Amino acid sequence: MITTGLLGGSFNPAHGAHRAISLNAIAALDLDELWWLVSPGNPLKPQAGMAPLPARLASARAMARRSPIRATAIEAELGTRYTVDTLKKLIRRYPNRRFIWIMGADNLAQLPRWRDWRGIARLMPIAVVARPGYNGRTHAAQAMGWLRRFVRPADQKAHWTDWRPPALVFLRFSPDVRSATAIRQANPRWYERYAGRALRDPLTHSPIGDSERKGPA
Ligand SMILES: Nc1ncnc2c1ncn2[C@@H]1O[C@H](COP(=O)(O)OP(=O)(O)OP(=O)(O)O)[C@@H](O)[C@H]1O
Ligand SMILES: O=C(O)c1ccc[n+]([C@@H]2O[C@H](COP(=O)([O-])O)[C@@H](O)[C@H]2O)c1
């Protein structure tokens, strides 16, 4: 079994905190690999301000260099946008892997708005990474109303492959305030440096569509 963490995101763009939490999660959860699932489009985020997928994937590839992190836009190939659909397909497609879903505490807060979020928790264990400004108890009260009974002690995190989902573990690394929002505010045209690149997905080797390279509306 190849243990594989999954960090889904917009990566608009990828930044140092993505890398830092991923490397820390690899160590904490004893992962063989961690995949960044660069989303074709978060169903809850507006299209406006979202850089083209090839630029976001290119930024993720650059940020993941020389590490066990693999940046992929596999959802574009699978034709999925909702996490529950993606995870079902990945489990079917990679039977020799054991997956764990990883997300920042900000995403735990909005999890009840995701399609079939309890179904997601039944598919694989979930690791929630602390993020400055998001306190699990106050911000994620709704999600925790159901998930609290499945919380595992953090000191057992390396044994997550023994857990039968639903199972949830909280990971606390040194707090990292970096965010894609701050990067976009400082440099709204960050994606221009990646314009015009022919791109193959590092995981699936499929060409990544470049239909709208112009940039955010
Ligand atoms: N500084 C951070 N600490 C903990 N988790 C983070 C941090 N930055 C991003 N994440 C997590 O990484 C995943 C992908 O994040 P995303 O691509 O949305 O970056 P972001 O910085 O949150 O973007 P934006 O500011 O545009 O919302 C999410 O699960 C998010 O919670
Ligand atoms: O499945 C859903 O309903 C759903 C709703 C909102 C976000 N997600 C996923 O959550 C992950 C984090 O997204 P983001 O934009 O906050 O980086 C990414 O993989 C999205 O596809 C999934």
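How do the residues of the shell around ligand 2 divide into nonpolar, polar and charged? Six are nonpolar, seven are polar and two are charged. This is a predicted model.

Ligand 2 has 15 residues around it. G8, G9, S10, N42 and W114 come nearest. Two elements give two or more residues to this shell: strand 1 and helix 4 (83–93).

Now turn to ligand 1. Here 19 residues stand around the ligand, and G9, A17, G104, A180 and T181 come nearest. Several elements build the shell of ligand 1. Strand 1 (2–9), helix 1 (16–29), strand 4 (97–104), helix 5 (105–110) and helix 9 (180–186) each supply at least two residues. Helix 1 provides the largest share, three residues. By type, the shell of ligand 1 holds seven nonpolar, eight polar and four charged residues.

Six strands form an open sheet, in the order 3-2-1-4-5-6, with parallel pairing. Strand 3 (69–72) and strand 6 (168–171) are the edge strands, and each pairs on one side only. On average, neighbouring strands of this sheet are turned by 25° against each other, direction ignored.

Take the sheet pair by pair. Strand 1 and strand 2 (residues 33–38) pair in the parallel sense over six bridges. Within this part of the sheet, G8 stands opposite L37 of strand 2. Helix 2 (residues 53–63) packs on the sheet and touches strand 2 and strand 3. The direction of helix 2 makes about 160° with that of strand 2.

Further along, strand 4 and strand 5 run parallel, joined by four bridges. There W101 stands opposite I126 of strand 5. Strand 5 also runs parallel to strand 6, again with four bridges. V128 has F170 in strand 6 as its bridge partner.

Strand 5 (residues 126–129) has two faces. I126 and V128 point one way, A127 and V129 point the other way, and all are buried.

Next comes the nonpolar core. The largest one has 57 residues. Those with the most contacts inside it are A25, W36, V38, A60, W101, I102 and A127. Helix 2 gives the most to this core, with six residues.

Why is helix 2 described as largely enclosed by the rest of the structure? The reason is burial: 10 of its 11 residues are buried, so helix 2 is largely enclosed. The buried ones are L53, P54, A55, R56, L57, A58, S59, A60, R61 and M63. These residues pack against helix 1, strand 2, strand 3 and helix 3 (74–78).

Leaving aside its neighbours within four places in sequence, V38 is in contact with G9, F11, L53, R56, L57, A60, A71, T72 and A73. Among these contacts, L53, R56, L57 and A60 are buried residues of helix 2.

Finally, look at R184, which lies in helix 9. Is R184 buried or partly exposed? R184 is partly exposed, because 17 other C-beta atoms lie within 10 Å, and a buried residue needs 20 or more. R184 and V128 are 56 residues apart in sequence. In space they are 25 Å apart, C-alpha to C-alpha.

How values were computed:
Residues numbered from 1 in each chain as written. Chains lettered and ligands numbered in written order. Predicted model: local features only at pLDDT ≥ 70, side-chain atom pairs only at ≥ 80, totals over all residues. Near = placed C-beta within 6 Å. Nonpolar A, V, L, I, M, F, W, Y, C, P; charged D, E, K, R; others polar. Buried ≥ 20, exposed ≤ 12 C-beta atoms within 10 Å, placed from the backbone. Pairing = 2+ DSSP bridges. Axes fitted to C-alpha atoms, helices over the stretch in contact; angles between N-to-C directions. Contact = placed C-beta atoms within 7 Å. Core = buried A, V, L, I, M, F, W, Y, C linked by C-beta atoms within 7 Å.
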